[in-house]
Amino acid sequence: MPLIKKRRRSRRRSAIKQETPRQVMAEFDGKMNRAVIVDEEDDPKMYLVHFEGWNARYDQWVDESRVKFNVPVQPKKEYETPNPIEKKSKLETSKKEDEKAETGSPQLSHQKSYEQQRLENIRRNQEMLRLLNLEGLAAGLRKPKKAKIVKKLKKTEKPSKPSRRSLRVQGLGSDGKKLPDNFKGLATYVPDIPKLEEGSLQVSASNKDFLKELIGQKGEDGGKNDSPQVDAPTLAYAHRLSELCLAEKGVSKVTKERIYSVAIHPSESSIMCAAGDKRGNLGLWKIGGGVAGFHPHGNVIAGLLFDVRDSNRLYTSSYDGRIRMLDLKAQALSDVYHDPDTSFYEINQHKSTASCIYACDVFGVISAIDPRAKSLGESWQLHENKVFTVRVNEANPHQFVTASLDRTVRVWDSRKIKKSNPKALFELIHGLCVTGASFSPDGKHLQSCCNDDLIRVWECSKMSGEDPDPSSQIRHNNRTGRWLTKFKCEWDPKQSNAFVVGSLDRPRCIQVFSAQNSAKFKLTMRLRDDDYLGSVQSVNVFHPTLDVIASANSSGRCHVWQKYN
């Protein structure tokens, strides 16, 4: 094949294309083929030819010696739908034309020579097989093997065995003989259900002795019970709690979101509750009246406290680092303290030192804030992690307790705390995070609520050493999860040895525990109401002077337990 010479196309090409193309015979690979002149150059005389029916990549520049002019112009074919009669003749004509075109195409000529060589190789191989007398053997190897036909065996269905029946069901005796017609089987057992008697019932003598023994009285046998199970004060307290219930007017939606804190106003003329939720909303609800809503904070309201000297003042603490005061009488809301770099949790106050509010925060710092001067008095770094609660001992204004995420409860004396290296009076180690701890109203007991499903109670008079053991441990499910507010135990100001806590039991209820005869704490009362209570009451608090309990759930609803007329 001659070397294809690439040249720069002249500007005359566009003009030539507009004229009628000149048909010539051009040489390619030693053979003349019909072509069309596409472009030309004068110095030297060269022509760019395009072979008809070929791809444009075979276009090439040729000189005059490889071009023959004066070739008759071949008209273009007009394609028409052939008649059925002429179809055969036209097909034969097209085959002849294809054979002629094959002789002129360099690509087809190359294919033809390859095909001839392939046929020659086949002929030579067959001749060799014939000489070696292996043609018959080769033909035998090419015969396909017949596939074996495997017949599936039909499964024979075995006759099903009759179900086994006992001889008695078949009407036969143990010897296989037929039972007599008057034979009767075993009688069907029918439980003896006693008939329910209506009206007043008499208690048996043994039950009378048990009830009298329960309350510490003498039985009919004249014996004395030196260690009664329930003492008279506890029994009277349980009787008062049993009268508490819910009513339609004692249930209301107070806040929009989950409630984190609840406080009850000390007034005895009317019951009023305050609740703070996770969005910084504050709701005031008067039982039987309406609900007033405020938005004093931009985050969770974790602490609520009515001033011990002026109950018209309500203090709030929040995760946004603010402690604010709502004056109910003046109807004004003011800032008490603001630290934008921290988050406050609970606040507490002692009645003898009303000018000091203790606040705990997320960094384990306890702050003593003066609400009159609206400034920070003192602050101590008492824990390495966040502190959930701080509670002052009502029997000792200088003593307070803290519960922290670092799994400890620590008792402190504000007069003995050093700034550099504070040392607690007692450090009580727990298994998991401690969500709450507080002293009883008389200061004789200390309780803690922990996520290890235990409520621990210590007798303060018997506490000694660095980590004293609790006098009572109550198994209680405290795994509230992420959607419920953490449980905290709240003491009853009227009953120094009793506290209330929420419960995850079903049906939903709240539980009151108390110590009987100064012994271990046990469950005293479970308050439930199937008509008005259907959710977990995470936050609970007693009224200071009345037999009233306020509880709240995670949907912003408050419930007031009291004796309704």
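Glu346 is a buried residue, at 7% relative accessible area (buried is under 20%, exposed over 50%, partly exposed in between, with a 1.4 Å probe and protein chains only). Welcome to a predicted model, in which local features need pLDDT of at least 70, side-chain atom pairs count only at pLDDT 80 or more, and totals for chains, interfaces and linings use all residues. Residues are numbered from 1 along each chain as its sequence is written, and side-chain values use heavy atoms, with hydrogens and water left out.

**View 1. Glu346 and Lys488 form a salt bridge.** The closest N and O atoms of this pair are 3.3 Å apart; a salt bridge here is a side-chain nitrogen of Lys or Arg within 4 Å of a carboxyl oxygen of Asp or Glu. Because Glu346 sits in strand β15 (residues 344-349) and Lys488 in the loop between β26 (472-475) and β27 (490-492), the pair ties together parts that are 142 residues apart in sequence. Helices (H or I, at least four residues) and strands (E, at least two) are DSSP runs, numbered from the N terminus.

**View 2. Glu40 and Arg22 meet through their side chains in a salt bridge.** Here the N to O distance is 3.9 Å. Distant parts of the chain are linked by this pair, 18 residues apart: Glu40 belongs to strand β2 (residues 31-41), and Arg22 to the loop between α1 (13-18) and β1 (23-28). Glu40 is buried at 11% relative accessible area, whereas Arg22 is partly exposed at 42%. Look around the pair and you will find a network of salt bridges linking Arg22, Glu40, Asp42 and Lys45.

**View 3. Asp335 and Arg322 are joined by a salt bridge.** Their N to O distance is 3.2 Å. Asp335 lies in strand β14 (residues 332-338) and Arg322 in strand β13 (residues 322-327), 13 residues apart. Asp335 is partly exposed, with a relative accessible area of 30%, and Arg322 is also partly exposed, at 25%. In total, the model has 23 salt bridges.

**View 4. Four strands make an open sheet in the order β6-β33-β32-β31.** The pairing is antiparallel; two strands pair if DSSP finds at least two bridges between them. At the edges are β6 (251-253) and β31 (539-542), each pairing on one side only. From one strand to the next, the twist averages 20°, with axes fitted as lines to C-alpha atoms (for helices over the stretch in contact) and angles running from 0 to 180 degrees between N-to-C directions. Strand β6 is joined by three bridges to the antiparallel strand β33 (residues 557-561), where Arg557 stands opposite Lys253.
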